[in-house]
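Please look over the structure shown here together with its sequence. The report that follows describes how parts of the chain pack against one another.

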Amino acid sequence: MAVATNLPQSAEIRSLRALTILETVAREDRVLTIAELETLCGLPRATLYRLTEKLVNEGHLHRQIGGRGFTIGHRLFSMAKNVMEGNSVRLVRQQILRKLVERVGETCNLSVPDGDSMMYLERVEAHWPLRLSMPVGTRVPIHCTAVGKLYLALMDEDEQHLKINSLKLEKTGNNTHTNRDDLTKELVRIRKQNFSTDNEEFIPGMVAVSVPITDVRGRMIAGVAVTAPIARLSLANALRYLPDLREAANDLSNYLEHK
């Protein structure tokens, strides 16, 4: 009987320890080594090796190139994304984006990171005959879009270096950065100004401006952007909407913080 009683308890303890690891990695939002997890989680190193291996195999954690540490995996990211996609949350997101579109008169979107891409979590189209239709769920490159470059720029420096070196810098627009050094220099500038632009880098004839949506610790969890054809809106004029974009991002951040 003693064995039978201990089995569920052991399983429960393992589950709680695994949740502790996941919570720690998600909270820190950077590459964490086993040594750092040992300090932050207060768990034995042998336990950490065993549980992190299992969590990597299940997709909850991602082992960085070279095995130097762990970040959140696709399944953990999907769980967070599903929370953000709840009906009540989505209704508020749409209301905030519609208000933004009314102000700027151009299409606006809300995007979240998804591997080497950014995914449109929400998009509200402007009422113009000339527009680019890209539905919710569309994935766009991380290296040549305003919101993608913003996410790269605000990454931890070591993680950013690994990510850039793993990307295929394919040319998709007139001004796409295909040189890693050039892209890195632009990311430094973007980080300082805390906004990003797309000057025909993703699609010829299109421009965009993006600002971050942050959590309570100031980490970027998503981005909001305005996009438009350059024939109707120059990049210089698009930058005039930065205050409106930042207000919308702040509204979205405050709402998600209190959910």
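## Cores and packing

The largest nonpolar core contains 32 residues, and those with the most contacts inside it are Leu100, Val209 and Val224. A nonpolar core is here a set of buried Ala, Val, Leu, Ile, Met, Phe, Trp, Tyr and Cys residues joined through side-chain atoms within 4.5 Å, where buried means under 20% relative accessible area, exposed over 50% and partly exposed in between, with a 1.4 Å probe and protein chains only. Two or more residues each are given to this core by α5 (87-104), β3 (107-114), β4 (117-124), β7 (206-214), β8 (220-229), α9 (235-238) and α10 (242-257), and α5 gives the most, with 6 residues. Helices (H or I, at least four residues) and strands (E, at least two) are DSSP runs, numbered from the N terminus.

The model is predicted: local features need pLDDT of at least 70 and side-chain atom pairs count only at pLDDT 80 or more, whereas totals for chains, interfaces and linings use all residues. Residues are numbered from 1 along each chain as its sequence is written, and side-chain values use heavy atoms, with hydrogens and water left out.

Leaving aside its neighbours within four places in sequence, Val224 is in contact (heavy atoms within 4.5 Å) with Leu97, Leu100, Asn109, Val209, Ser210, Val211, Ile213, Leu245 and Ala249. Apart from this core lies another, of 20 residues, among them Leu150, Ala153, Met155 and Leu167.

In the chain as a whole there are 10 helices and 8 strands, and buried residues make up 47% of its 259 residues.

## Helix α7 and its surroundings

Helix α7 (residues 157-166) and helix α8 (residues 180-193) pack at an angle of about 145°, with their axes 11 Å apart; axes are lines fitted to C-alpha atoms, for helices over the stretch in contact, and angles run from 0 to 180 degrees between N-to-C directions. The contact is made by Gln160, Ile164 and Asn165 of α7 and by Arg180, Thr184 and Leu187 of α8.

Within α7, the residues Glu159, Gln160, Leu162, Lys163 and Ile164 are buried, and what covers the buried residues of α7 includes β2 (70-72), α6 (146-153) and α8.

Leaving aside neighbours within four places in sequence, Asp116 is in contact with Pro141, Ile142, Lys163 and Leu167. Asp116 and Arg139 are 23 residues apart in sequence and 9.3 Å apart in space, C-alpha to C-alpha.

## Thr24 and the polar pairs

Thr24 lies in helix α1 (residues 2-28) and is buried, with a relative accessible area of 3%. Leaving aside neighbours within four places in sequence, Thr24 is in contact with Leu32, Leu37, Leu40 and Cys41.

The table lists polar contacts, each a pair of N or O atoms within 3.5 Å; within protein, one must be able to donate a hydrogen and the other to accept it, and residues adjacent in sequence count only if both atoms are side-chain atoms.

| From | To | Distance |
|---|---|---|
| Thr24 side chain | Thr20 backbone oxygen | 2.7 Å |
| Asp116 side chain | Lys163 side chain | 3.0 Å |
| Asp156 side-chain oxygen | Asp158 backbone nitrogen | within 3.1 Å |

The pair of Asp156 and Asp158 is found at the start of α7.
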